[in-house]
Amino acid sequence: MPTKAIKRSPRVKPGQREEETLRVLISHQRIRERVRHMAEEIRHDFPNEPIHLVGVLKGSVLFLADLARELGGEVSFDFISVSSYGKGMDSTGEVKMNKDLDVSIEGRSVLVVEDILDTGLTLKYLLVLFEERKPKHLRVAVLLDKVERRIADVKADYTGFVIPNEFVVGYGLDYDERYRNLPDVCVVRLGPRGKTKIEA
Ligand code: IMP
């Protein structure tokens, strides 16, 4: 028996729940253009150098995949997984490693690839950890930067977009593991009064 097609508004994104609304903040096209420019900046600084990308799971996966393709030249990659602990949405600064790198970074030109810089506590933890391992160079590329929220004294060497203090999903970023597959970066709002995850 043929299944009945479910009619949904074309503005409803795949995987979107009824109580959630999504607004596009940065379109996929803008992301792709910016990632291309970031790759040019990075290659300008490291023209003939093999670059070892270190992606922070899971949010950086799509950004790393696009950046790696735009970089050209010799590129390798590895991944690390960390979680930061806190009450609700506020991080306490306690960061725990879930999965370490597979290979040594000693003597390599390392580019840490992060989806978003929020308090900066995760990046601070990673930079301290990686510095001890004596890479030749240690640089950071982030797609998004919520400058207003910064607690730790860190900044990226290459930044895609500075964004306001809103909870965003898409292009690798999640809300409860959902929305990572959206091509755009969107602001997610919850509940009838349209509060953001941050205000809720
Ligand atoms: P930080 O340690 O506070 O800088 O947090 C970094 C991590 O928090 C990111 O790698 C994300 O996983 C997560 N995060 C922070 N803000 C957002 C957001 O707006 N959407 C989704 N994840 C976020």
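## The shell around the ligand

Strand β5 supplies the largest share of the shell around the ligand, namely three residues. In this report, a residue is near a molecule or strand if one of its heavy atoms lies within 4 Å of it. Helices (H or I, at least four residues) and strands (E, at least two) are DSSP runs, numbered from the N terminus. The structure is a predicted model, in which local features need pLDDT of at least 70 and side-chain atom pairs count only at pLDDT 80 or more, while totals for chains, interfaces and linings use all residues. Residues are numbered from 1 along each chain as its sequence is written, and side-chain values use heavy atoms, with hydrogens and water left out.

In total, 14 residues surround the ligand, and the closest are T119, G120, T122, K146 and V168. Both β5 (109-117) and α3 (121-131) contribute at least two residues each to this shell. Sorted by class, the shell has five nonpolar, three polar and six charged residues. For this sorting, Ala, Val, Leu, Ile, Met, Phe, Trp, Tyr, Cys and Pro count as nonpolar, Asp, Glu, Lys and Arg as charged, and the others, Gly among them, as polar.

For E114, an N or O atom of the side chain is 3.3 Å from an oxygen atom of the ligand. For D115, the corresponding distance is 2.8 Å. A polar side-chain atom of T119 is 2.4 Å from an oxygen atom of the ligand. The ligand on its own has 490 Å² of accessible area, of which the protein covers 84%. Accessible areas come from the Shrake-Rupley method with a 1.4 Å probe; for residues, only the protein chains shown count as cover.

## Overall architecture

The protein has three helices and 10 strands. Along the sequence they follow the pattern β-α-β-α-β-β-β-α-β-β-β-β-β. Of the 200 residues, 44% count as buried. Buried means under 20% relative accessible area, exposed over 50%, and partly exposed in between (1.4 Å probe, protein chains only). The protein exposes about 11300 Å², and carbon and sulfur atoms supply 51% of this area.

A contact means heavy atoms within 4.5 Å. Among the contacts with a separation of 6 or more, 65% are accounted for by residues 24 or more positions apart.

V54 is found in strand β2 (residues 51-57). This residue counts as buried because its relative accessible area is 0%. Leaving aside residues up to four places away in sequence, V54 touches L64, D78, I80, L101, V110, L111, V112, V113 and F130. The C-alpha atoms of V54 and S76 are separated by 8.7 Å, and the two residues are 22 residues apart along the chain. In helix α2 (residues 61-71), L64 is buried, as are F63, D66, L67, A68 and L71.

S109 is placed in strand β5. Its relative accessibility is 6%, so S109 counts as buried. The side chains of S109 and E49 are joined by a polar contact of 2.7 Å. Apart from residues up to four places away in sequence, S109 touches E49, P50, I51, H52, K136 and H137.

## Backbone features

Most residues other than glycine have a negative phi, and most peptide bonds are trans. The peptide bond from L57 to K58 is cis, with omega near -5°; K58 is found in the loop between β2 and α2. Just after α2, G72 takes a positive phi of about 65°.

The loop between β8 (168-169) and β9 (185-190) holds E177, and Y179 is found in the loop between β8 and β9. Phi is positive at E177, near 70°, and positive at Y179, near 80°. E177 is partly exposed, with a relative accessible area of 45%, whereas Y179 counts as buried at 3% relative accessibility.

## Confidence of the model

The predictor's confidence in each residue is called pLDDT and runs from 0 to 100. The mean pLDDT of the protein is 89, and 84% of its residues reach 70 or more. Over residues 3-8, pLDDT stays under 50, and the model has one contact beyond four places in sequence for them. Where pLDDT is low, the predicted coordinates should not be read in detail.

Technical notes:
Polar contact = N/O pair within 3.5 Å; in protein donor to acceptor, adjacent residues only side chain to side chain.
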